Amino acid sequence: MAACVRALRGCARLPVSASSRRCSALSRARGQYTSQKVRRTFIEFFTEQHRHRAVLSAPVRPRGDPSLLFVNAGMNQFKPILLGCADPRSEMASYQRVVNSQKCVRAGGKHNDLDDVGRDVYHHTFFEMLGNWSFGDYFKVEACAMAWHLLTEVYEIPAERLYVSYFSGDAASGLPADEETRHIWLSLGLRPDHVLPFGMKDNFWEMGETGPCGPCTEIHYDHVGTRNAAALVNADSPDVVEIWNLVFMQYNREGDGGLRALPQCSVDTGMGLERLLTVLQGKRSNYDTDLFTPLLSAIHQCSRAPAYSGRTEQADAGRVDMAYRVVADHVRTLCVCIADGVYPGMTGAELVLRRILRRAVRFSTEVLHAPEGALASLVPTVAHILGDAYPELHAETGRIMEIINVNEAQFLSSLKQGRRVIDRTLSKMDRDAVNFPAAVAWSLHRNLGFPLDLIDLMLEERNMAVDKQGVEQLAAEQEQLQSQSEGGAEERGLHMDLQSLAELQSRGVPHTDDSPKYSYSLRHNGTYAFSPCRASVLALYCNQSLVSEVSEGQRCGMVLDQTCFYAEQGGQMHDQGYFTKDGLQDVLFPVECVRLAGGYVVHEITAAETLRTGDQIQLHVDETQRLACMVKHTATHVLNFALRELLGSGVVQRGSHVTADRLRFDFSYKASLNVSQLQEVERMVQDIIHQNDVVHMQEVPLARANQIAGLRTVDEVYPDPVRVVSVGVAASELLSNQKHKHTSVELCCGTHLLRTGGIRDFVIVSERQMVKGISRIIAVTGEDAKQAREAGQVLLQEVEALTARITTDHTPSLATAQRLSKEVGLLTDAVESTPIPQWQRRDLQTRLKALQRSSNTTIRKLEMKEAAAKAKELLNRHSNKAVLVDTLETDSISVVMKTVNQLSERAPDSLIMLLSHLQPSGRVLCACQVPKGQAAVSASEWALAVCSRLGGNAGGSATVAKGVGTATDVTDLLEMMHWAEEFAHNKRQQTTN
């Protein structure tokens with residue numbers, strides 16, 4: 001502390017002329033400050049001069065924090081400390097002073113810069129945040145002094161070019177201006193016109209919708225100099241930019257929007273390395289620093305575009321320089337995310353990364369005219385630039401390149417087809433049209449994976465826009481269809497009637513060959529290859545009859561000679577995807593539902609163009625959705641086996657449903673599983689996953705299959721021959737070996753993984769008895785399972801922290817007890833609604849129930865104590881009064897009621913009403929009680945009369961009632977008290993007369 005104060009005093013004595021003399025020093029230093037040196041200097045300044053501990057950057061995937069898609073600030077990994085819930089046994093719990101350079105991604109969620117990247121020269125999806133933290137150690141004085149010393153003395157930035165902002169307060173939130181920070185900056189030597197106040201938007205920092213937050217002070221740099229640029233601070237001027245934000249963490253934003261003080265005050269500072277480099281290297285664009293110039297040069301070498309020249313907006317003809325910036329930024333993001341285990345996918349952060357990759361591919365190929373593979377070829381350059389700070393980039397270079405190449409190839413194929421779809425659609429539209437058809441845009445998005453904003457960019461070149469309202473409606477319809485998926489295909493869609501089925505058979509139309517749905521293989525790298533499938537249209541079903549042709553927009557069922565689409569059966573959701581017609585490859589026919597009907601596989605579609613029997617088509621299954629269903633289905637079999645092994649042969653499957661997102665399994669058992677049983681089931685499934693056993697699939701005559709020991713079947717009609725799915729041991733071996741082998745073996749027509757290791761992870765997130773004797777399990781796999789475990793650990797830490805706070809406070813005030821009780825309730829809701837391991841949910845619920853009982857007992861005792869004191873005080877003022885109307889100070893209706901009750905016990909013949917006026921809301925709490933048997937007035941009538949005049953409502957019985965209302969000020973309340981007393985007296989008088 002003393003060292004910080006001495007630094008503060010030294011900075012305060014620093015004359016402006018000394019800062020002016022450093023202009024030439026900064027100019028000399030610009031050639032010396034590489035990104036590596038700037039990063040290293042920052043870390044060493046805090047570790048060597050101010051006793052900070054250097055910690056590694058956290059991965060960009062948040063650990064157990066469902067409120068974030070990506071780590072978007074340096075403080076994310078320290079959130080447990082800021083909330084006071086860090087595991088006391090962990091190294092993190094010992095942190096007091098910390099410094100690091102954190103990898104951050106802002107794409108999706110509250111902090112989302114994706115759409116701005118490329119349009120200007122300073123927005124990024126990935127950036128590095130240099131930061132120092134104090135957790136209950138130093139605070140505002142020292143933080144400002146350190147920052148000022150580093151910038152002006154170490155980096156030698158001229159002081160007269162720096163401006164600082166501070167929080168001006170917010171009356172609506174009850175937050176005062178941060179005058180302390182203002183005085184600190186003035187004492188450091190800044191001129192008053194360089195210290196500027198701003199409100200919540202600019203100088204109150206929040207991580208997200210919930211979480212740690214507090215007032216902040218920002219340091220801005222004027223690139224021009226020799227002027228007063230105060231008016232340009234926070235004015236979106238490219239000449240005056242924020243370079244460092246010092247956040248003083250004092251509060252936590254609760255789920256209800258309120259602010260609660262953190263267990264200890266902390267400092268969280270963040271300075272974007274990219275922007276700092278522009279200052280130290282004398283650049284006006286982040287992309288002109290050495291973090292990007294080697295990358296831009298590499299992009300130029302692998303493209304056929306002119307060299308990067310830094311142009312923006314109208315000056316950027318053909319958006320070439322914008323494309324350079326998009327590709328450079330996005331490939332950095334891809335490298336960092338993939339190295340940290342976030343791969344392009346279909347949900348959450350993975351979906352955002354998929355969007356980033358496809359945006360980069362589009363600009364690379366269509367604007368820069370780079371060949372396929374160019375994006376991945378940039379990975380070694382990114383690793384060279386960032387690898388010293390983040391060595392995982394070197395270690396994962398090969399994997400990153402492979403993943404980018406695979407995803408690029410998939411998207412380029414879709415991109416070409418999408419371009420043809422758009423061109424063909426535009427050619428058919430009127431020249432005066434301004435809205436692109438929503439149905440086409442949604443088809444591109446749903447079936448080819450086009451982000452809607454990418455379609456917008458393509459249409460922007462043609463002065464067109466997507467029909468947004470129509471797309472939103474289609475999205476809502478898709479969501480509704482998805483929500484109905486567990487109802488089964490037979491409960492929705494077209495139903496081929498018996499007459500049409502008989503007609504198909506009489507025409508000699510063969511049953512659909514759906515064996516191609518099993519035509520897939522496992523590559524050496526662990527990915528799956530699905531064989532292409534061509535087919536002929538054999539029949540079309542529309543308006544309850546077979547037809548030879550359907551027109552654009554008609555909904556129909558289609559029967560093919562063969563198909564690779566899985567029709568919903570055996571509890572597995574049907575496949576999704578689309579098909580194209582020979583000679584019309586740029587028209588997509590989305591497949592909405594796939595059903596079995598009498599040996600025929602019926603594909604339900606809405607025709608995107610004329611379709612006739614005899615047409616030749618190419619089928620395209622949504623491979624991501626199919627693979628996800630395969631994972632869940634194999635996991636269901638393994639779960640079934642584990643349950644029977646653990647609970648006994650009395651366990652019988654009563655139903656199951658498999659979707660891309662989760663699996664549901666119903667089974668007979670006497671009671672809900674306990675914590676240890678849930679843990680053991682998960683362990684058994686995990687063991688089989690780790691063994692990476694081969695999943696065998698073999699067709700066997702039904703009678704022969706029924707001889708397999710340990711065979712699991714359900715109550716349904718099986719085909720003959722029947723498909724036997726077994727784990728680790730082939731059906732033929734099970735039949736030839738008389739000795740029973742403990743393994744999963746079932747009759748199943750579903751699609752499965754070829755090895756159990758593809759499940760990756762498994763967590764039961766829900767288990768309950770649907771009816772007595774029938775339990776239902778819901779489980780997730782892979783990354784969803786991992787996230788469930790992480791979320792469970794976060795909630796465990798929060799429960800332990802809250803338990804410690806409640807048990808250590810032996811003499812809490814009523815307000816404290818009520819607040820803690822509310823926290824127990826909020827945490828209980830979080831435990832109930834968050835996907836976490838079910839065994840852990842049960843354990844946490846047990847702990848929280850005990851905490852709630854303890855809190856409720858404490859509150860009741862404190863309320864009784866407070867009510868007794870208030871009743872005694874009121875009786876001293878109103879002894880022997882027939883009608884007692886008064887006020888008391890409390891924000892608890894329970895205290896008001898208890899006080900009224902105690903007064904009635906001590907004055908049993910009196911009519912008693914108490915009011916509590918809450919400030920600043922003006923809300924009035926009302927409670928009253930009248931003697932039993934008296935006929936003058938009922939308590940409910942009295943309370944309703946008073947609360948109605950206060951604009952509220954009330955209810956209760958003849959003897960006890962309560963209600964609420966509103967009074968603008970004390971005068972209104974006093975008048976209402978007088979009126980309430982007169983009301984009761986008048987009622988008594990009327991009864992007497």
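# A guided tour of helices, salt bridges and sheets

Glutamate 680 and arginine 683 are three residues apart, about one turn of the helix, and both belong to helix H21 (residues 675-691). Select these two side chains to begin; the model in the viewer is a predicted one.

**Stop 1: the pair in H21**

Display the side chains of glutamate 680 and arginine 683, which form a salt bridge whose closest N and O atoms are 2.5 Å apart. Glutamate 680 has a relative accessible area of 27% and is partly exposed. Arginine 683, with a relative accessible area of 40%, is partly exposed. Side chains of opposite charge can pair when their charged atoms come close.

**Stop 2: a pair between strands E16 and E21**

Select arginine 612 and glutamate 549, whose side chains meet in a salt bridge at 3.0 Å, N to O. This pair links distant parts of the chain, since arginine 612 lies in strand E21 (residues 611-612) and glutamate 549 in strand E16 (residues 549-550), 63 residues apart. Colour the two residues by accessibility: arginine 612 counts as partly exposed at 39% relative accessibility, and glutamate 549 counts as partly exposed at 39% relative accessibility.

**Stop 3**

Proceed to glutamate 941 and lysine 987, which form a salt bridge with the closest N and O atoms 3.0 Å apart. Here too distant parts of the chain are linked: glutamate 941 is in helix H28 (residues 939-949) and lysine 987 is in helix H29 (residues 970-992), 46 residues apart. Glutamate 941 counts as partly exposed, at 33% relative accessibility. Then select Arg61, Glu350, Arg760 and Glu783 together; salt bridges that share partners join these residues into one network.

**Stop 4: helices H25 and H26**

Two packed helices are described by the angle between their axes and the distance between the axes. Select residues 814-833 for helix H25 and residues 838-877 for helix H26; the two pack at an angle of about 160°, with their axes 9 Å apart. Angles over 145 degrees count as roughly antiparallel, and H25 and H26 are therefore roughly antiparallel to each other. Their crossing is left-handed. Show the side chains at the contact of H25 with H26: the residues there comprise ten nonpolar, ten polar and four charged.

**Stop 5: the sheet around E26**

Select strands E25, E26 and E27. They form an open sheet of three strands in the order E25-E26-E27, with antiparallel pairing. E25 and E27 are the edge strands, each pairing on one side only. Neighbouring strands of this sheet are turned by 20° against each other on average, direction ignored.

Strand E25 (residues 695-700) pairs with E26 in the antiparallel sense over six bridges; glutamate 699 has arginine 723 in E26 as its bridge partner. On to strand E27 (residues 745-747), which runs antiparallel to E26 and is joined to it by three bridges. Two residue pairs can be picked out here: valine 724 has leucine 747 in E27 as its bridge partner, and serine 726 has valine 745 in E27.

How many of the six residues of strand E26 are buried? Six of the six residues of E26 (residues 722-727) are buried, so this strand is largely enclosed by the rest of the structure.

**Stop 6: the five-stranded sheet**

Finish with the open sheet of five strands in the order E30-E31-E32-E34-E33, whose pairing is mixed. Its edge strands are E30 (883-887) and E33 (953-956), each of which pairs on one side only. The twist from one strand to the next averages 15° in this sheet. Select E33 with strand E34 (residues 960-966): the two pair in the antiparallel sense over four bridges. Within this pairing, asparagine 953 stands opposite valine 964 in E34.

Conventions: Residues are numbered from 1 along each chain as its sequence is written. This is a predicted model: local features need pLDDT of at least 70, side-chain atom pairs count only at pLDDT 80 or more; totals for chains, interfaces and linings use all residues. Side-chain values use heavy atoms; hydrogens and water are left out. Axes are lines fitted to C-alpha atoms, for helices over the stretch in contact, and angles run from 0 to 180 degrees between N-to-C directions. Angles under 35 degrees count as roughly parallel, over 145 as roughly antiparallel, 65 to 115 as roughly perpendicular and the rest as oblique. A crossing is left-handed if the near helix is turned anticlockwise from the far one by less than a right angle, and right-handed if clockwise. Ala, Val, Leu, Ile, Met, Phe, Trp, Tyr, Cys and Pro count as nonpolar, Asp, Glu, Lys and Arg as charged, and the others, Gly among them, as polar. A salt bridge is a side-chain nitrogen of Lys or Arg within 4 Å of a carboxyl oxygen of Asp or Glu. Buried means under 20% relative accessible area, exposed over 50%, partly exposed in between (1.4 Å probe, protein chains only). Two strands pair if DSSP finds at least two bridges between them.
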